[in-house]
Amino acid sequence: MTPCNSPRDWHRCYSGNFDIWSPESYAHPAKMAPSLCFRIFEHLKEMELIGPGSVVLDPMAGIGTTGLVASVLGYPSIMVELEPKYIAMAQEND
């Protein structure tokens, strides 16, 4: 594994555009900011923990932000969510 050379603090991870979600998705109480999700993927790539051929598993998918970001970056994903209302929101965000 590659050593972590990233700065200890990440900045501006909650700024940026949130237009990847349907309006109904804003009702979810614990949304992940898309820019934070992109930064996490960037860090995983820097650490060589994700790369070509990787599949992303999100066991608490909520409104599907991780799956959306994975898709934009070219990674297939498997999302698991128990709440039907959040599954419907994730499908709207597809």
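Student: What share of the 94 residues of the protein chain counts as buried?
Tutor: In this predicted model, 36% of the 94 residues do. Buried here means under 20% relative accessible area.

Student: What makes helix 2 "mostly covered"?
Tutor: Helix 2 runs over residues 65-72, and six of its eight residues are buried. Those six are T65, T66, G67, L68, V69 and A70. Each of them falls under the 20% cut-off, so each one is called buried.

Student: And what covers the buried residues of helix 2?
Tutor: The cover includes helix 1 (34-46), strand 1 (56-58), strand 2 (77-79) and helix 3 (84-93). To count as a contact, heavy atoms have to lie within 4.5 Å.

Student: Which residue follows helix 2, and what is its phi like?
Tutor: That's G74, with a positive phi near 90 degrees.

Student: Why does the radius of gyration agree with a compact globule?
Tutor: With 94 residues, a compact globule would come out near 12 Å, and the protein chain has 14 Å, so the two agree. The C-alpha trace spans about 40 × 30 × 20 Å along its principal axes.

Student: What about charges: how many side chains are positive and how many negative?
Tutor: There are 6 positive and 11 negative side chains, and the centres of the two sets sit 9 Å apart. Lys and Arg count as positive, Asp and Glu as negative.

Note on methods. Residues are numbered from 1 along each chain as its sequence is written. This is a predicted model: local features need pLDDT of at least 70, side-chain atom pairs count only at pLDDT 80 or more; totals for chains, interfaces and linings use all residues. Side-chain values use heavy atoms; hydrogens and water are left out. Buried means under 20% relative accessible area, exposed over 50%, partly exposed in between (1.4 Å probe, protein chains only). Helices (H or I, at least four residues) and strands (E, at least two) are DSSP runs, numbered from the N terminus. The radius of gyration is taken over C-alpha atoms; the globule rule is 2.2 Å times the number of residues to the power 0.38. The place of a charge is taken as NZ of Lys, CZ of Arg, CG of Asp or CD of Glu.
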